[in-house]
Amino acid sequence: MSKWKEIRCNYFNKEEGVYCVDAWKTNNYNEEGKTIAKIDLATKTLKYIDEDAKTDDDAQAVINEFLENGYILTE
């Protein structure tokens, strides 16, 4: 079971040049999301901000869905 209620990867941080995997712990609309991982397609790297995202099935599903285009990443 995931510790997050919602996980998305739909925000591109232009300053850092990375896609952010963001997560929310509740369904509260006012809750601020937290970045749990960052995907850099230019360098083909994945950086985990929250260590739990490495083993969280839901987080991995979102990351894998984002990477369906065949990008190969290293940590």
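Visitor: Which residue in S3 does Ala23 stand opposite?
Guide: This is a predicted model. Strand S2 covers residues 18–24 and strand S3 covers residues 34–40, and the two pair in the antiparallel sense. Across this pairing, the residue in S3 that stands opposite Ala23 is Lys34.

Visitor: How many bridges are there between strand S2 and strand S3?
Guide: Strands of a sheet pair through backbone hydrogen bonds, either parallel or antiparallel. Asp22 standing opposite Thr35 in S3 is one example of facing residues. For strands S2 and S3, the antiparallel pairing runs over 5 bridges.

Visitor: Which strands are the edge strands?
Guide: The open sheet has 4 strands in the order S1-S2-S3-S4, with antiparallel pairing. An edge strand pairs on one side only, and this holds for strand S1 (6–13) and strand S4 (45–48). From one strand to the next, the twist averages 25°. The edge strands are therefore S1 and S4.

Visitor: Which residue in the turn between S3 and S4 has a positive phi?
Guide: S3 and S4 run antiparallel and are joined by 4 bridges. In one of these strand contacts, Lys38 has Lys47 in S4 as its bridge partner. The two strands form a hairpin with 4 residues between them, and the turn residue with a positive phi, about 55°, is Lys44.

Visitor: At about what angle to S1 does helix H1 run?
Guide: Helix H1 is made of residues 57–66. The helix lies across S1, S2, S3 and S4. Relative to S1, H1 runs at about 40°.

Visitor: Which element gives the most residues to the largest nonpolar core?
Guide: The largest nonpolar core has 16 residues, and those with the most contacts inside it include Trp4, Val21 and Ile63. S1, S2, S3, S4 and H1 are the elements that give two or more residues to this core. With 4 residues, the element that gives the most is H1.

Visitor: Is Arg8 buried, partly exposed or exposed?
Guide: Arg8 forms a salt bridge with Glu6, with the closest N and O atoms 2.7 Å apart. Glu6 is partly exposed, its relative accessible area being 35%. Buried means under 20% and exposed means over 50%. Arg8 has 33% relative accessibility, so Arg8 is partly exposed.

Visitor: How many residues apart in sequence are the parts tied together by Lys38 and Glu16?
Guide: Lys38 forms a salt bridge with Glu16, and their closest N and O atoms are 2.8 Å apart. Lys38 lies in strand S3, whereas Glu16 lies in the loop between S1 and S2. The pair therefore ties together parts whose separation, in residues, is 22.

Technical notes. Residues numbered from 1 in each chain as written. Predicted model: local features only at pLDDT ≥ 70, side-chain atom pairs only at ≥ 80, totals over all residues. Heavy atoms only, no water. Axes fitted to C-alpha atoms, helices over the stretch in contact; angles between N-to-C directions. Contact = heavy atoms within 4.5 Å. Core = buried A, V, L, I, M, F, W, Y, C linked by side-chain atoms within 4.5 Å. Buried < 20%, exposed > 50% of the residue type's maximum accessible area, 1.4 Å probe, protein only. Salt bridge = Lys/Arg side-chain N within 4 Å of Asp/Glu carboxyl O.
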